[in-house]
Amino acid sequence: VKEELLVEALTKRKTVTVNDKLILPYSHSEAITARDSMAKSLYSALFDWIVLRINHALLNKKDMEESVPCLSIGVLDIFGFEDFETNSFEQFCINYANEQLQYYFNQHIFKLEQEEYQAEGITWHNIDYTDNVGCIHLISKKPTGLLYLLDEESNFPHATDKTLLAKFKQQHQQNQYFVATPVMEPAFVILHFAGKVKYQIK
């Protein structure tokens, strides 16, 4: 990539109007966002390319001759629960994915297996486990889950971070998995199965 083209892409935006093309400089924060977006896109493209190469390497000549469905692998790329000083929307999504994985694990390792043991008459002492479905409902259950409220608030022209936070607090003040922060703090806390995480509303 030519250096001057990269610098231009990361520091200026092009706006096309009916009669003209405007080139406007990014503000410092917009340039940082553009840089971070490019890094994430490159990572995503590289990740897809690596999986494609692995899948291609798993094919053998016999498979290709018989036109059978190709062998493939899947890679689950999850960072795991973390609680940083600043937790953004990205960390919120990662932690939600982990909640779903924990729920899946609970269902298949505990609930379904123990039901199978009982059906087969195996002597077994049930293992107690923490059911995290309430936290999943807080985040994604229609129509009041946090993701739905975020989507709804995004459609209002005068919505702000503050109005979104107010909607979260008003809707979920009685929810045991949602902890409101002090009035002036632009954040909220979710009690995940792995612990409390504070998310900034920005």
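In which sense do strand 3 and strand 4 pair, and over how many bridges? Please keep in mind that the structure before you is a predicted model.

The pairing of strand 3, residues 178-180, with strand 4 is antiparallel, and it extends over three bridges. Phe 178 stands opposite Ile 190 in strand 4, and Ala 180 has Phe 188 of strand 4 as its bridge partner. To pass from strand 3 to strand 4, the chain makes a hairpin through six residues.

Let us now follow the chain onward. Strand 4 also pairs with strand 5, residues 195-200, again in the antiparallel sense, and here there are six bridges. The hairpin that strand 4 and strand 5 form has two residues between them.

Is strand 4 largely enclosed or largely open? Strand 4 covers residues 187-192, and five of its six residues are buried, so the rest of the structure largely encloses it. A residue counts as buried here when its relative accessible area is under 20%. As a general point for those new to the subject, side chains in a regular strand alternate between the two faces of the sheet.

I turn finally to the cysteines. How many disulfides does a search of the whole structure find? The search finds zero. Cys 93 is in no disulfide, and the nearest cysteine sulfur to its own, that of Cys 135, is 13 Å away. A disulfide would require the two sulfur atoms to be within 2.5 Å. The surroundings of these two residues may also be described. Cys 93 has 32% relative accessibility and so counts as partly exposed, whereas Cys 135 is buried, with a relative accessible area of 1%.

How values were computed: Residues numbered from 1 in each chain as written. Predicted model: local features only at pLDDT ≥ 70, side-chain atom pairs only at ≥ 80, totals over all residues. Heavy atoms only, no water. Buried < 20%, exposed > 50% of the residue type's maximum accessible area, 1.4 Å probe, protein only. Helix = DSSP H or I, 4+ residues; strand = E, 2+ residues; numbered from the N terminus. Pairing = 2+ DSSP bridges.
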